[in-house]
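Me: I am new to this structure and would like to learn how to read its features one at a time. Could you take me through them slowly?

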Amino acid sequence: MASHWARRARGNVFMYHVPGSYDRSSLELLTDVQYAFGLPFYPTYEGRFTLEEKSLSLKIMQYFSNFIRSGNPNYPHEFSRRAPEFAAPWPDFLPYAGGESYKEFSSLLPNRQGLKKADCSFWSKYIQSLKASADGANDQQSALSEEEELPPGSGLREDLLGLSGPGSKAYSK
């Protein structure tokens, strides 16, 4: 989906991933939502989050608030070019090999590339080749049907045109 948006969008696309080891399913909220909204700092959840998770939450809140204000998680405002010192800048996701970068929401907030590329190869490679072969078959079939035109007045064309539409069937005893 990120590739689709990056190819067609006029703005920037930023992608992130939350590793499974940071999942807190007992709170019934996704981990990224918990960190982005500062759940580790709510008094109700005191003691459920480590200092490392609280620090991570502060950084993620900063990225998200920057993105909301400026459209870029790295800068607080469009006119500001001062990146935050707390982590490496969040890279743009670009729709070509080597540009598929994302931010990993783990303790050091590292930048990574090619998220689940092998898992998505079915969609990116097999489906594309299947569509290409289907398009080729359709082109070949339409070329054949043009070559095998029935001569006018043969009666066959009129009989075929009088048949019921596709999918409908007539049965008799």
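Me: How many helices and strands does the protein chain have?

Reply: In this predicted model, the protein chain has five helices and three strands, and when one reads along the sequence these elements follow the pattern α-β-α-α-β-β-α-α. As for how much of the chain is covered, buried residues make up 27% of its 173 residues.

Me: How should I read a residue as buried or exposed, taking Q34 as the case?

Reply: The idea is to look at the relative accessible area, where buried means under 20% and exposed means over 50%. Q34, which lies in helix α2, has a relative accessible area of 0% and is therefore buried. The C-alpha atom of Q34 is separated by 7.9 Å from that of S57, although the two residues are 23 apart along the chain.

Me: Where is L30 found, and is L30 buried or exposed?

Reply: L30 is found in the loop between β1 (16-17) and α2 (31-36), and because its relative accessible area is 61%, L30 counts as exposed. L30 also belongs to a nonpolar surface patch of about 400 Å², which it makes together with L29, V33 and F37.

Me: What can be said of Y96, and how far is Y96 from R7 in space?

Reply: Y96 sits in the loop between α3 and β2 (101-104), and with a relative accessible area of 48% this residue is partly exposed. From C-alpha to C-alpha, Y96 and R7 are 9.1 Å apart in space, while 89 residues separate them in sequence.

Me: What is the general idea behind a salt bridge, and how many salt bridges are counted here?

Reply: Side chains of opposite charge can pair when their charged atoms come close. In this structure the count comes to two salt bridges. In one of them the side chains of E46 and K54 meet, with 3.3 Å from N to O; E46 is exposed, at a relative accessible area of 54%, whereas K54 counts as buried at 16% relative accessibility.

Me: Which residue forms a salt bridge with E104?

Reply: E104 pairs with R112, and the closest N and O atoms of this salt bridge are 3.2 Å apart. Here E104 is buried, with a relative accessible area of 12%, while R112 counts as partly exposed at 37% relative accessibility.

Me: What is to be noticed about the phi of L109?

Reply: L109 has a positive phi of about 50 degrees although it is not a glycine. L109 is placed in the loop between β2 and β3 (111-113), and its relative accessible area of 1% makes L109 a buried residue.

Me: How does one look for pockets, and which residues line the second largest pocket?

Reply: Rolling a probe the size of a water molecule over the atoms shows where empty space is left. In the second largest pocket that space is about 170 Å³, and the lining consists of N12, V13, F14, Y16, Y63, F64, F67, I68, P73 and W90.

Me: Which element gives the most to that lining, and how does the lining divide by class?

Reply: Helix α3 (residues 51-70) gives the most to the lining of the second largest pocket, contributing four residues. Sorted by class, the lining of this pocket holds nine nonpolar residues and one polar residue, with no charged residues.

Key:
Residues numbered from 1 in each chain as written. Predicted model: local features only at pLDDT ≥ 70, side-chain atom pairs only at ≥ 80, totals over all residues. Heavy atoms only, no water. 1 Å grid on protein atoms, 1.4 Å probe; cavity = no way out; pocket = protein on both sides within 12 Å on 5 of 7 lines; lining within 4 Å. Points joined across faces, edges and corners; volume = space filled by probe spheres on them. Helix = DSSP H or I, 4+ residues; strand = E, 2+ residues; numbered from the N terminus. Nonpolar A, V, L, I, M, F, W, Y, C, P; charged D, E, K, R; others polar. Patch = residues over 30% accessible without salt bridge, like charges linked within 9 Å, V, L, I, M, F, W, Y side chains within 5 Å. Areas by Shrake-Rupley, 256 points an atom, 1.4 Å probe, with all protein chains shown as cover. Salt bridge = Lys/Arg side-chain N within 4 Å of Asp/Glu carboxyl O. Buried < 20%, exposed > 50% of the residue type's maximum accessible area, 1.4 Å probe, protein only.
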